[in-house]
Amino acid sequence: MRNLLLSSILLFLLAGCTLGHYGRLKEEATTSSIPKPIFGDNFNSFLFKTNISIYNKDVSGLLVTKQMSAQDYRIIFTTELGMKLFDFEFKDTSFTLHYCVPQFNRPALLKTIQHDIAILLMNNLVGKPANDFTDRNNLFAIKRIQFDNMYNYYFTEKVTNHIVKIEHSKKKVKKVVLSLNDYKDEFPTNVVIKHCDIKLKIELNLLKR
Amino acid sequence: MKRLLLIVLSSLPVVLFAQVPKGFTAVKDTVAFKQKMESQSKLVNTIESDFTQEKYLSVMSEKIISKGHFCFKKINMLRWEYNDPYKYIIAINKDKMFIKDNGKVSKYDINSNKMFKSINEMMMNTVQGNLLSNKDYKAKEYESDKQYLLELAPVQKGAKDFLKVIQLYIDKADYSVVKVKMIEPGDDYTSIDFTNRKNNQPIDDEKFIVK
């Protein structure tokens, strides 16, 4: 019974957290530069059909990203019907909330979404050292970069040279996994951001670039 | 989250401008205009129309353009459907609301929420051009040779947070709404142009149930 209780507690503590596979990665001797930001594309804008699912509640809409200058990105989320829900700006290492509807203005939620988008933008990695790894099957080139007090692991598929996955991890526990899928013209047309410790999933499907 | 959805819906038929466009003057006999609008809307039992929606964001170089089709039937039935560049449907059937997104249908009870009810009323009144009698908006009426322009500013503080003014462009020939604009406090706006409008053609009730 005691073991059962301990197992239950352990299971509860680990619920939603996923142990990473980083112990099986082989660290390369060299360090290298940060990966190229996928949204850093000649100041173009990208339009995504977007769904934010949080604890089984869905909010859908259109997400627009626009690179304003080299290290400056604007991210605007509107409903399908045109109403603006939030307007973020990521400039160098700073963040500005230009607008947010009151119904979306929940600090924990906003902060989490802001954090997720920052990981995807790869905008605040400049000057940070990257540690290189390879996986056991030598399929991916993996860069580990410190992000806040955690690590981001960027998985680049060696055959295509596409970043296909970003894992945001604390020590060996994955917190957020970003999957970048279905590349077309060197850009992922589907991005899924999934949290391991809360029921939050953001899915972006490219409509236009 | 329901409140968010309601607010989202409230933006459906709206577009905004900070100032009255050139070519319009104030309507002198506003009482007669109001009476004519109300009497004309009573003659309309169904509406079917295509629409083109433009979203203007000042920081973006291009507008976001979406296209679709809508149907309206008295009393209190509306289907608002986007076809390009994405599929998305909102349908209201008396006290029920349906949303179909990405193949998934969600159903809501409009009476479960006070704000749901008020937005439902606004949507229905807007497509019929009946907003003049709505106390939630302060109205100004203008006219040109071919159109009336009805400018509606929200009175309540909550609405003012996300909406500066609604403009309805109304065809003088048949008093139909040809364009709606919703301007946000920062002057970004959404505009919706209606084309291929057909009044009083039979529409099956099934159209307002989304499966």
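Start in chain B, where B:K138 stands opposite B:A153 in strand β9(B). Keep in mind that this is a predicted model.

**Strands in chain B**
- To get from β8(B) to β9(B), the chain takes a hairpin of three residues.

**Where the chains meet**
- Chain A puts 26 residues into the contact, and chain B puts in 28.
- On the chain A side, β3 (45–54), β4 (57–69), β5 (72–78) and β14 (200–208) each supply at least two residues.
- The top contributor on that side is β4(A), with six residues.
- Sorted by class, the chain A side comes out as twelve nonpolar, seven polar and seven charged residues.

**The nonpolar core**
- The largest nonpolar core counts 75 residues.
- Residues with the most contacts inside this core come from both chains, including A:L63, A:V64 and A:I117 along with B:I166 and B:L168.
- Helix α2 of chain A (residues 107–121) brings the largest share of the core, at six residues.
- Leaving aside residues up to four places away in sequence, A:V64 touches A:S45, A:L47 and A:I76 in its own chain, plus B:L57, B:M60 and B:I64 across in chain B.

Technical notes. Residues numbered from 1 in each chain as written. Chains lettered and ligands numbered in written order. Predicted model: local features only at pLDDT ≥ 70, side-chain atom pairs only at ≥ 80, totals over all residues. Core = buried A, V, L, I, M, F, W, Y, C linked by C-beta atoms within 7 Å. Buried ≥ 20, exposed ≤ 12 C-beta atoms within 10 Å, placed from the backbone. Helix = DSSP H or I, 4+ residues; strand = E, 2+ residues; numbered from the N terminus. Contact = placed C-beta atoms within 7 Å. Nonpolar A, V, L, I, M, F, W, Y, C, P; charged D, E, K, R; others polar. Pairing = 2+ DSSP bridges.
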